[in-house]
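Dear colleague,

Please find below the structure that I am handing over to you.

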Amino acid sequence: MILSICDYSGSWSGAFRELGYTTIKVDPKLHTCLVGDQITIGCTVKEFINEYLEFYALDITGLLLAPPCTHFRRAG
């Protein structure tokens, strides 16, 4: 299973789905659903850690992170 954080479009995790991995996309802009081999969870990273990580932790083999740069820069 590949955990993809802040991958709204699914572009990064798409390549792994093509290789046969189940992917979990976590982004607050998404709705929670299951479609084929893709699990989409609409929540923040903090909510995911508190509510879902324990359930999925042992099955995760890879991690993709694409946090918005506005959270890490000091512009202005």
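This is a predicted model: local features need pLDDT of at least 70, side-chain atom pairs count only at pLDDT 80 or more; totals for chains, interfaces and linings use all residues.

I begin with T23, which lies in strand β2, spanning residues 23–26. Its relative accessible area is 0%, so T23 counts as buried, the cut-off being under 20%. The side chain of T23 makes a polar contact of 3.3 Å with that of R17. Leaving out residues up to four places away in sequence, T23 touches I2, S13, F16, R17, D37, Q38 and I39.

Strand β2 also takes part in the largest nonpolar core, which consists of 9 residues: L3, I5, I24, V26, I39, I41, C43, F48 and Y56. Two or more residues of this core come from each of β1 (2–5), β2 and β4 (38–41). In soluble globular proteins, nonpolar side chains tend to be buried together. For V26, the contacts beyond four places in sequence are L3, S4, I5, C6, D7, I41, C43, T44 and F48.

The other threonine, T61, is found in the loop that runs between α3 (53–56) and β5 (62–65). T61 is exposed because its relative accessibility of 62% is over 50%. Apart from neighbours within four places in sequence, T61 is in contact with M1, I2 and Y21.

Yours sincerely

Note on methods. Residues are numbered from 1 along each chain as its sequence is written. Side-chain values use heavy atoms; hydrogens and water are left out. Helices (H or I, at least four residues) and strands (E, at least two) are DSSP runs, numbered from the N terminus. Buried means under 20% relative accessible area, exposed over 50%, partly exposed in between (1.4 Å probe, protein chains only). A polar contact is a pair of N or O atoms within 3.5 Å; within protein, one must be able to donate a hydrogen and the other to accept it, and residues adjacent in sequence count only if both atoms are side-chain atoms. Contact means heavy atoms within 4.5 Å. A nonpolar core is a set of buried Ala, Val, Leu, Ile, Met, Phe, Trp, Tyr and Cys residues joined through side-chain atoms within 4.5 Å.
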